[in-house]
Amino acid sequence: MSLLSPVSPDPAAAAGPSSSRSSGPDGGAQGAHGAPDADPGIPQRRDRPFSRANLVRTIAGGYIPLILATLVVFLPLLWMVLSSLKQPGEIITMDLKVLPESLNLENYQTAMTTVPFTKFFMNSLIVTAVGATIKVLLAVLTAYALVFVRFPHKNLIFVLVLVALMVPPQVSILPNYILIAGLGGKNTLWGIILPGLGTAFGTFLLRQHFMTLPASILEAAEIDGAGHWRRLWQIVVPVSVPSIATVALVTVVSEWNDYIWPLIITDRPETMTLPVGLTLLQNSEGNGSGWGILMAGAVLVIVPILLVFAALQRYIVAGLTQGSVTG
Amino acid sequence: MTRQLTERPPAATGPAATAPAAPRRAGWSGRKRRDFFVFLALALPNLVLIAVFTYLPLFNNIYYSTLDWTLGSASATVVGFDNYISFFSSADAAKVLGTTAVFTLVTVGGSMVLGLLVALALNSKVRGTTFARSAVFAPYVLSGVGVGLVWLFIFDPGYGVLAWLLRGIGQQSPQWINDPQLSLVMVIIVYVWKNLGYCAVVYLAGLQSLPQDVMEAASLDGANGFRRFLSMSVPLLSPTTFFLLITTLISSLQAFDLIRIMTPLGNGTSTLIYEAYLQAFGAFNRAGYSASISVVLFAILLIITVLQLRFVERKVHYS
């Protein structure tokens with residue numbers, strides 16, 4: 001804001017952008033008699049609230065970039081949905097039409113019969129639900145222990161967790177593949193879930209939150225004879241629901257989208273997750289005629305997360321940009 | 001963020017640490033012992049998992065990198081540094097390191113600059129910024145596989161939207177997929193599209209935490225918008241910029257999903273991480289060689305992380 005319109009002492013100026021929006025194109029005319037230069041106390045400024053220049057600036061500086069940015073994000077996704085509803089003939093054509101001729105779900109049916117899509121979907125659901133539940137639980141327990149339970153060298157342990165946060169999982173895929181395959185975990189759901197269960201991110205985020213809880217409420221509970229287990233579930237967890245939700249949602253999103261590990265540890269369709277299954281679909285349909293089918297597959301992997309994000313984006317954004325704003 | 005961690009006195013970790021002050025050094029009291037086991041019961045599963053699947057692989061990777069070993073084969077020979085020597089002396093090394101450098105620098109620079117511009121737009125006082133903020137952030141949480149497929153279709157030289165738009169102005173679509181250089185450009189564009197929302201939201205938080213009184217004083221002094229942006233916002237945002245530089249650098253170096261989906265053969269897009277994947281899990285199954293590339297990648301990431309830890313406290317702080 002401060003970049004686009006210099007702060008004016010005139011309170012009406014603050015209402016400028018919003019009034020000009022509602023008054024539309026005739027906002028300038030309205031401003032011409034609405035705010036004459038009669039006020040003797042205030043020196044005349046360039047940016048009278050309803051001036052044409054101000055209106056243009058609000059639209060050019062405020063709305064156009066916003067609309068552009070939003071369109072750049074939405075158009076490809078909209079194109080995905082529209083294309084998933086098109087017949088092959090409508091896609092393989094030089095004469096592109098934006099809207100599908102009729103709403104038919106044929107591509108979805110084809111995607112599900114070409115590869116076992118329902119199975120992929122179920123596998124993804126299981127991996128995400130089981131993986132995320134265990135991870136969040138482990139994060140809560142570890143963070144509680146790190147903050148509220150006495151133990152030698154706790155800070156060193158925490159530093160080791162922090163360092164683990166910085167180790168990229170991609171670097172570990174070959175050794176983990178050898179380890180899990182050696183244990184017989186290839187093409188199993190537990191083989192997909194197990195290596196990702198240790199959670200440095202959730203532990204870190206929840207520990208930071210638990211540190212801010214007032215010690216007094218826990219002291220009171222301790223005097224009342226509540227042990228660690230009761231203090232954890234009856235005090236710490238209930239007052240930390242937003243932070244735990246943040247960890248849970250970020251974990252769900254990353255489990256659902258996880259690709260490189262399931263790609264490596266599975267090579268049979270029965271245990272593939274959705275992203276890996278899409279790769280399989282791409283191999284069989286990636287010859288031009290299958291774009292509609294592939295877009296149907298992309299919808300199935302993208303839309304669930306998009307819905308979760310739309311409903312609960314506040315927590316997800318907060319969790320993923322954690323640590324950016326120093327306190 | 002680390003500052004907050006280290007400055008906190010250990011005594012503030014809760015009632016257990018402060019309440020029984022008197023018999024503190026009395027030794028192995030019952031309560032202390034109980035806490036010891038409670039801690040282990042609560043934290044050990046997670047700590048063991050982190051040790052086994054995060055720390056152990058680092059050392060195993062270093063060990064594997066000294067082997068001449070085909071993945072799946074029962075025997076391996078210890079060859080010392082041979083894998084590193086053959087990687088760095090091959091023509092692949094220059095290509096892979098060059099691709100990694102181009103991909104990383106352009107995606108980091110691109111998403112940060114565009115992210116800042118979008119953040120400035122989001123920081124304007126018009127209605128709808130909350131919605132736009134969420135919309136811009138959305139691609140960041142979407143599956144790289146799904147996003148890659150959608151954009152692959154858009155870039156399709158035959159039936160893609162882009163080819164159609166280009167035909168409209170009488171141009172032929174470039175061969176995005178077959179031309180190694182263009183496929184790198186294509187993957188970079190999509191990567192920036194997917195990640196710039198993250199930079200935008202972080203920059204927006206930075207912009208909104210700028211001291212308003214200072215900015216107003218500057219505007220009363222007659223500094224115009226652009227002047228204020230260059231000489232005030234940009235320097236004041238330097239902690240945010242530094243944070244973003246490190247986080248985006250680290251994630252760009254790990255970019256895998258888009259490359260795998262859009263250019264499975266790694267033709268022109270083989271970065272270190274992708275080359276490590278191809279060598280081990282592609283046609284050759286060269287496990288030892290792949291491990292040595294992973295170690296190189298890890299060394300680079302380690303250097304960046306150490307630099308971050310050294311500089312983040314000192315250089316960029318205004319408060």
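**Burial and fold of chain A**

I began with burial in chain A of this predicted model: 43% of its 327 residues count as buried. I then looked up the secondary structure of chain A and recorded 17 helices and 0 strands. I also checked how far apart in sequence the contacting residues lie. Among the chain A contacts between residues at least 6 apart in sequence, 73% join residues at least 24 apart.

**Helices α7 and α14 of chain A**

Next I examined one helix pair. Helix α7 of chain A covers residues 117-148, and helix α14 of chain A covers residues 241-257. I found that their axes come within 9 Å and cross at roughly 145°. I noted the crossing as right-handed.

I then listed the residues that meet. The α7 side of this contact consists of A:Ser124, A:Val127, A:Thr128, A:Gly131, A:Ala132, A:Lys135, A:Val136, A:Ala139 and A:Val140. On the α14 side I recorded A:Ile244, A:Val247, A:Ala248, A:Thr251, A:Val252, A:Glu255 and A:Trp256. By class, the residues of this contact divide into 10 nonpolar, 4 polar and 2 charged.

A:His153 is not a glycine, yet its phi is positive, at about 60°. I located A:His153 in the loop that runs between α7 (117-148) and α8 (154-166) of chain A.

I placed A:Asn187 in the loop between α9 (173-182) and α10 (189-193) of chain A. With 16 other C-beta atoms within 10 Å, A:Asn187 is partly exposed, because that count falls between the limits of 12 or fewer for exposed and 20 or more for buried.

**Contact between chains A and B**

Last, I turned to the two chains together. I recorded 92 residues of chain B in contact with 91 residues of chain A. Which element of chain B gives the most to the side that touches chain A? I found it to be helix α3 (residues 30-64) of chain B, which supplies 20 residues.

Technical notes. Residues numbered from 1 in each chain as written. Chains lettered and ligands numbered in written order. Predicted model: local features only at pLDDT ≥ 70, side-chain atom pairs only at ≥ 80, totals over all residues. Contact = placed C-beta atoms within 7 Å. Helix = DSSP H or I, 4+ residues; strand = E, 2+ residues; numbered from the N terminus. Axes fitted to C-alpha atoms, helices over the stretch in contact; angles between N-to-C directions. Left-handed = near helix turned anticlockwise from the far one by under 90°. Nonpolar A, V, L, I, M, F, W, Y, C, P; charged D, E, K, R; others polar.
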